Amino acid sequence: QVQLVESGGGLVQPGGSLRLSCAASGSISRIYGMGWYRQAPGLQRELVASIATSGSTNYADSVKGRFTISRDNAKNTVSLQMDNLKPEDTGVYYCDAELSTFTNPLIRVRYWGQGTQVTVSS
């Protein structure tokens, strides 16, 4: 029932920008932490950015100053604004959220999006 659907991925030239968005839908009682992960070819999935319910954020060192994570609690969405993109930013980006559902409102469950491809190349 719960789904995280991403949008905004694509091909962009180095130095360009992309904005990824992820909308959570379904029988959601409450969303706690949200974040973005990425996985480049040959590498393990890594945390790119995360944001708590309070709005507190955390970024990987490699994206600090270039990426900005934000969330809209009313719309159950999380976004990742990516500026000054580099070829090494290429990978599959996944959004995730820790949330509780109406069926199990006292239990926190981790959900993941389907992943969206980001390719930075000239």
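Strand β5 and strand β6 (residues 57-59) run antiparallel and are joined by three bridges; strands are DSSP runs of E with at least two residues, numbered from the N terminus, and two strands pair if DSSP finds at least two bridges between them. The model is predicted, so local features need pLDDT of at least 70 and side-chain atom pairs pLDDT 80 or more, whereas totals for chains, interfaces and linings use all residues. Residues are numbered from 1 along each chain as its sequence is written, and side-chain values use heavy atoms, with hydrogens and water left out.

Five bridges join β5 to β4, again in antiparallel fashion. Alanine 49 of β5 stands opposite tryptophan 36, and its bridge partner in β6 is tyrosine 59. The β4-β5 hairpin has six residues between its strands, with glycine 42 in the turn at a positive phi of about 85°. In the β5-β6 hairpin, five residues lie between the strands, and glycine 55 in the turn has a positive phi of about 100°.

The structure contains six salt bridges, each a side-chain nitrogen of Lys or Arg within 4 Å of a carboxyl oxygen of Asp or Glu. Arginine 38 and glutamate 46 form one of them, with the closest N and O atoms 2.9 Å apart. Arg38, Glu46, Arg66 and Asp89 are linked in a network of salt bridges. In another salt bridge, the closest N and O atoms of arginine 110 and aspartate 96 are 2.2 Å apart. Arginine 110 lies in β10 (residues 109-112) and aspartate 96 in β9, so this pair ties together parts 14 residues apart in sequence.

Terms used. Helix = DSSP H or I, 4+ residues; strand = E, 2+ residues; numbered from the N terminus.
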